[in-house]
Structures are given as structure tokens and as C-alpha cells.
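Visitor: I would like to go through this structure term by term. Please set each value against its cut-off.

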Amino acid sequence: QVQLVESGGGLVQPGGSLRLSCAASGSIFTIYDMGWYRQPPGRQRELVASMPSGGTTTYADSVKGRFTISRDNTKNTVYLQTNSLKPEDTAVYYCNADLQLRIGGRGTYWGQGTQVTVSS
């Protein structure tokens, strides 16, 4: 019914940048919140950044000033610009959307994840 597809991950050197994208498709009426989470090796999934449809964005303290979340509501797409990457940013990055279906209820959906590896 709904798919979230991430792209843009990869291997990058410390100090480098990547731009992650996540496009939502399917029988969507409206999207409320969109966000990015990550799961480092051996650790729990954690919030990176979230962006409500009409509210204040939220960032994890560890990424403030380095990462920027943005949305293109015409394309049901959320982006994460990651700059000044550090080895501790290495993780699988997942996008997340809180949305309303055209037929059906409201729910939270996840993408399949994209690997970001920061290493020299």
C-alpha cells in the first residue's frame, strides 16, 4: 500500500558529505511527520531529525549544525543533507513517515534503510 524508498547512502571519508533521499509512494492522502533515524552497529535505533508538515524541526544533539532535514511535499520526499561526517555517524539510516491513507487509517511507515559508512 505504501512504500518508502531511501537512496544516497555509501562510503565517505571523514569530513565528507552525503545527501540521503526518501520518497513515499502509494495510496497516501497526506503526510504529517517525516524523519530520519539511524541504527549504529550493535546499538538501538535513534532519532536523527524529524520535520512535521507545519512545525519545528528536531535534531539529535550529535548532528546539530552538521545535518539538515528538508521536505518536498509535492513529491512526498524527505531529504537529509549530512555534512562534516564523522566515523560515529556510521549506521543504517531509515526514513519514517506518519501519514494518512486515502482509504484506511493513519499509521507510521518505515523505509528499508540505507547504509552510511564514514571511514578513511
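Guide: What follows is a set of questions on terms, each answered from the model.

Visitor: What kind of model is it, and how are residues numbered?

Guide: This is a predicted model, in which local features need pLDDT of at least 70 and side-chain atom pairs count only at pLDDT 80 or more, while totals for chains, interfaces and linings use all residues. Residues are numbered from 1 along each chain as its sequence is written, and side-chain values use heavy atoms, with hydrogens and water left out.

Visitor: What makes Cys22 and Cys95 a disulfide?

Guide: A disulfide is a pair of cysteine sulfur atoms within 2.5 Å. The sulfur atoms of Cys22 and Cys95 are 1.9 Å apart, and the pair forms a disulfide. Cys22 lies in strand β3 (residues 18–26) and Cys95 in strand β9 (residues 91–101), so called because strands are DSSP runs (E, at least two residues), numbered from the N terminus. The two cysteines are 73 residues apart, and the pair links distant parts of the chain. By this rule the count comes to one disulfide.

Visitor: Why is Asp89 called buried?

Guide: Buried means under 20% relative accessible area, exposed over 50%, partly exposed in between (1.4 Å probe, protein chains only). Asp89 has a relative accessible area of 1%, so Asp89 is buried. Its place is in the loop between β8 and β9. Cys22 and Cys95 are both buried too.

Visitor: How do you know that Asp89 and Arg66 make a polar contact?

Guide: A polar contact is a pair of N or O atoms within 3.5 Å; within protein, one must be able to donate a hydrogen and the other to accept it, and residues adjacent in sequence count only if both atoms are side-chain atoms. The side chains of Asp89 and Arg66 are joined by such a contact, at 2.8 Å.

Visitor: Why does Asp61 count as exposed?

Guide: Asp61 has 64% relative accessibility, so it counts as exposed. Asp61 sits in the loop between β6 (58–59) and β7. Its side chain makes a polar contact of 3.1 Å with the side chain of Lys64.

Visitor: What makes the aromatic pair edge-to-face?

Guide: Rings of Phe, Tyr and Trp (its six-membered ring) pair if their centres lie within 6.5 Å; planes under 30 degrees apart count as stacked, over 60 as edge-to-face and the rest as tilted. A search of the whole structure finds one aromatic pair. The rings of Tyr37 and Trp110 have their centres 5.0 Å apart and their planes at 65°, so the pair is edge-to-face. Tyr37 is in strand β4 and Trp110 in strand β10, 73 residues apart. Tyr37, at 24% relative accessible area, is partly exposed. Trp110 also counts as partly exposed, at 37%.

Visitor: How do you know that β9 pairs with β11?

Guide: Two strands pair if DSSP finds at least two bridges between them. β9 and β11 have three bridges and pair in the antiparallel sense. Ala91 has Val116 in β11 as its bridge partner. Nine bridges join β9 to β4, also antiparallel. Here Tyr37 stands opposite Tyr94 in β9. β9 and strand β10 (residues 106–110) run antiparallel too, joined by five bridges. They form a hairpin with four residues between them, and Gly104 in the turn has a positive phi of about 125°.

Visitor: Why is β9 described as largely enclosed?

Guide: Ten of the eleven residues of β9 are buried, so the strand is largely enclosed by the rest of the structure.

Visitor: What makes a set of residues a nonpolar core, and how many residues has the largest?

Guide: A nonpolar core is a set of buried Ala, Val, Leu, Ile, Met, Phe, Trp, Tyr and Cys residues joined through side-chain atoms within 4.5 Å. The largest has 28 residues, and those with the most contacts inside it are Trp36, Val48, Leu80 and Tyr93. The largest share, six residues, comes from β9. Tyr93 touches residues including Leu20, Trp36, Val48 and Leu80.

How values were computed:
Contact = heavy atoms within 4.5 Å. Lists of a residue's contacts leave out its neighbours within four places in sequence.
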